[in-house]
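This report describes a ligand site and then the division of the chain into domains. Please keep the sequence and the structure in view while reading.

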Amino acid sequence: MKNKQILLSTPHMGEQELEFVKEAFNSNWIAPVGPHINAFETEFSQIVGSKYGAAVSSGTAALHLALRLVGVEPGDEVFCSTLTFIASASPIIYLGAKPVFIDSDRLSWNMNPHLLREALAKRAQINKLPKAVILVHLYGQTADLEPIVELCNEYNIPLIEDAAEALGATYKGKSPGSFGKIGIFSFNGNKIITTSGGGMLVSDDQELIDKARFLATQAREPAAHYQHSEIGYNYRLSNILAGIGRGQLRVLQERVAARRRNFQIYQQGLAHLPGIDFMPEADYGTHTRWLTCLTIDPNLANVDQETIRLHLATQNIESRPVWKPLHLQPVFADCEVIGGEVAEDLFYRGLCLPSGSNLSVTDLKQVIDEIVKKYYQS
Ligand SMILES: *Cc1c(COP(=O)(O)O)cnc(C)c1O
């Protein structure tokens with residue numbers, strides 16, 4: 001008989017979500033407006049320490065709006081982390097702008113501030129600064145924010161934080177997403193909390209968030225006949241999904257604790273194996289371990305991460321390679337990249353293990369046993 005399926009990261013509902021959804025049904029607020037949306041925006045902003053939030057239909061939509069709000073136009077350049085999911089960069093293309101990808105550092109796996117500094121200095125010399133910087137906080141760990149915020153301030157470039165994977169993380173005690181001009185989050189089904197699909201845009205700038213809501217509602221001006229002077233989008237979150245989000249917010253800290261516990265169990269069970277290195281936790285903050293990621297050095301291990309991944313798949317266990325750097329994606333073949341070797345190395349040797357907050361210790365032990373078995377078989 002096949003083993004029970006162990007997936008990478010699945011939704012994990014708490015006690016309250018269904019109650020909030022019932023409330024929406026009972027009051028017939030089955031719409032992209034309603035009391036749960038307002039409450040979700042307020043509660044969420046408080047948790048991340050931003051003044052305002054706009055709930056939208058996805059993290060990608062939030063990022064698209066963010067780029068529109070800072071004035072990105074066709075032909076502009078936007079700097080973006082290269083080691084990330086494609087949604088970090090797709091909205092750049094939606095707006096007809098051009099991404100320039102920036103490599104990671106080995107400590108945080110996120111954008112290397114030294115490379116950003118060099119790239120901005122070069123661009124300043126030729127008077128061709130980017131219109132925005134998209135900084136990704138990968139796998140539950142923030143990038144090294146302080147130097148990056150300083151650089152963006154120095155050159156007067158809006159910083160947009162893609163914190164889709166990093167809700168619950170901290171940088172010097174504060175939440176990612178609250179450092180830049182705009183922060184975005186995702187509530188897709190695989191994220192640390194989920195509304196099945198959804199996203200949030202946060203900022204301390206009220207005008208900006210009002211404008212985000214306006215653009216997300218078809219840029220409809222307040223006139224009975226629906227007046228439009230701009231083209232907008234249909235990007236608002238539904239009141240039902242906002243209800244789920246409110247319930248999920250109440251268990252966020254438990255979810256972070258569970259994912260960090262997963263990491264610890266993996267570390268105890270695997271760290272002694274030759275050639276295995278876990279994604280480091282930078283000393284400036286808390287890593288949520290949204291996903292537990294590791295790299296394998298095949299020279300020391302006699303096995304590579306792909307062999308392990310395929311073996312786990314035969315045991316009904318889902319693991320994934322680390323994100324393929326965007327500068328290696330065919331669709332971005334023409335785009336410039338600053339550095340790239342670190343992200344490539346992490347991709348070629350990296351593996352993400354099942355990391356859901358609903359996994360049991362038995363599940364984790366099974367994953368560990370299968371990895372150890374394969375290690376000594378090959
Ligand atoms: C999930 C994710 C997004 C996109 O969020 P959606 O809600 O799925 O649109 C953006 N950036 C990163 C880094 C992500 O992991």
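## The ligand pocket

The ligand takes up the space of the second largest pocket, where a pocket is an open set of points, on a 1 Å grid over the protein atoms alone, with protein on both sides within 12 Å along at least five of seven lines. The model is predicted, so that local features need pLDDT of at least 70 and side-chain atom pairs count only at pLDDT 80 or more, while totals for chains, interfaces and linings use all residues. Residues are numbered from 1 along each chain as its sequence is written, and side-chain values use heavy atoms, with hydrogens and water left out.

## Residues around the ligand

Of the 15 residues around the ligand (a heavy atom within 4 Å), G59, T60, E165, S186 and K191 come nearest. By class, this shell comprises 4 nonpolar, 8 polar and 3 charged residues.

Among the polar contacts (N or O atoms within 3.5 Å), a polar backbone atom of G59 lies 2.7 Å from an oxygen atom of the ligand, and an N or O atom in the side chain of D162 lies 2.7 Å from a ligand nitrogen atom. The side chain of N188 places an N or O atom 3.3 Å from an oxygen atom of the ligand. The protein buries 94% of the 380 Å² that the ligand exposes when taken alone (Shrake-Rupley method, 1.4 Å probe).

## Domains

An automatic or database assignment divides the chain into domain 1 (17-249) and domain 2 (252-377). Their centres, taken over C-alpha atoms, are separated by 26 Å. The contact between them (heavy atoms within 4.5 Å) takes 43 residues from domain 1 and 40 residues from domain 2.

Conventions: A polar contact is a pair of N or O atoms within 3.5 Å; within protein, one must be able to donate a hydrogen and the other to accept it, and residues adjacent in sequence count only if both atoms are side-chain atoms. On a 1 Å grid over the protein atoms alone, a cavity is a set of points where a 1.4 Å probe fits but cannot get out, and a pocket is an open set with protein on both sides within 12 Å along at least five of seven lines; lining residues have an atom within 4 Å of a point. A molecule sits in a cavity or pocket if more than half of its atoms lie within 2 Å of its grid points. Ala, Val, Leu, Ile, Met, Phe, Trp, Tyr, Cys and Pro count as nonpolar, Asp, Glu, Lys and Arg as charged, and the others, Gly among them, as polar.
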